[in-house]
Amino acid sequence: DAIISIDSGDLNNALVLVAQGIKTYASLNTLQNKEILVSLVWHNLAIRLMSRVVELLKPADPATESNAASQPRATQAVQTSQPRTQEQRRCMATWYATILTEIPIASREIWLRSVKAAIQFNISLGNYGVAGRGIQLLRSRDPSFMEDAVMSKNLMLCQSRKFMNAHPQPSSLICFKSLVFLKMGMPVASCNVCPAKFAPSAITAGVAAAAPPNNRYLCPGCSLGSLH
């Protein structure tokens, strides 16, 4: 049902369904069929990223954008604060869309659409290296794209630009709660049951509750595992 909701664009309903699934599984207090829980946690992240991309692609508020005009270039500013200018919002949307391509989504069609969207976003942003890798990934998963004229043209464009990236991806890891990028060398809290990872600030801010009796933090992603 969640996949159907995603496919129809009803992301709010999809998120509710996935959250209910996680809650139901956690209430069973078992690790049998753990792959179901892992899939639910991945889809929870994917849906929230999709929603964020949609939100970021909406026009920026003119007043907010005007106030942000004196900020550093988009790539620098967006990593340290909420994106405010249209360029910063496009950067963040593109980075999130790229993360989406690495999530194991159950629906092949939704995954294909996500990859193609990320390729176009990165090309429009001048991230030819990321776009080129996306095209190669697409072709490795679906050989029919080897003959796709649009993808061939895009790959030639990326090659002509020497696969340079104008706004490099901050990281391939992301906090499953705050959606903050987890950069190299940054402390990360990982769940011992599901694939969720978190920025330390997401834990210290009270996102996760202490799980008795061992006083370890309960994973807010699956509500079953503990963080370490």
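Colleague: What makes the span of helix α8 close to the expected one?

Modeller: In this predicted model, α8 covers residues 128–141, which is 14 residues, and runs 20 Å from its first C-alpha to its last. At 1.5 Å a residue, 20 Å is expected.

Colleague: Which residues of α8 are called buried, and what covers them?

Modeller: Buried requires under 20% relative accessible area. In α8 that label goes to Tyr128, Gly129, Val130, Ala131, Gly132, Gly134, Ile135, Leu138 and Arg139. Their cover includes α6 (86–100), α7 (108–125) and α9 (149–160).

Colleague: How many aromatic pairs does the structure hold, and why is Trp95 with Phe181 called edge-to-face?

Modeller: There are four pairs. For Trp95 and Phe181 the ring centres are 6.0 Å apart and the planes make 90°.

Colleague: Why does the pair of Trp95 and Phe181 tie parts of the chain together?

Modeller: Trp95 sits in helix α6, whereas Phe181 is in the loop between α9 and β1 (189–190), so the pair links parts 86 residues apart in sequence.

Colleague: Are Trp95 and Phe181 buried or exposed?

Modeller: Both are buried.

Colleague: Which residues form an aromatic cluster?

Modeller: Trp42, Phe176 and Phe198 form one.

Colleague: What share of the whole chain counts as buried?

Modeller: The figure is 45% of 228 residues. The chain has 10 helices and four strands.

Terms used: Residues are numbered from 1 along each chain as its sequence is written. This is a predicted model: local features need pLDDT of at least 70, side-chain atom pairs count only at pLDDT 80 or more; totals for chains, interfaces and linings use all residues. Side-chain values use heavy atoms; hydrogens and water are left out. Helices (H or I, at least four residues) and strands (E, at least two) are DSSP runs, numbered from the N terminus. The expected span of a helix is 1.5 Å times one less than its number of residues. Buried means under 20% relative accessible area, exposed over 50%, partly exposed in between (1.4 Å probe, protein chains only). Contact means heavy atoms within 4.5 Å. Rings of Phe, Tyr and Trp (its six-membered ring) pair if their centres lie within 6.5 Å; planes under 30 degrees apart count as stacked, over 60 as edge-to-face and the rest as tilted.
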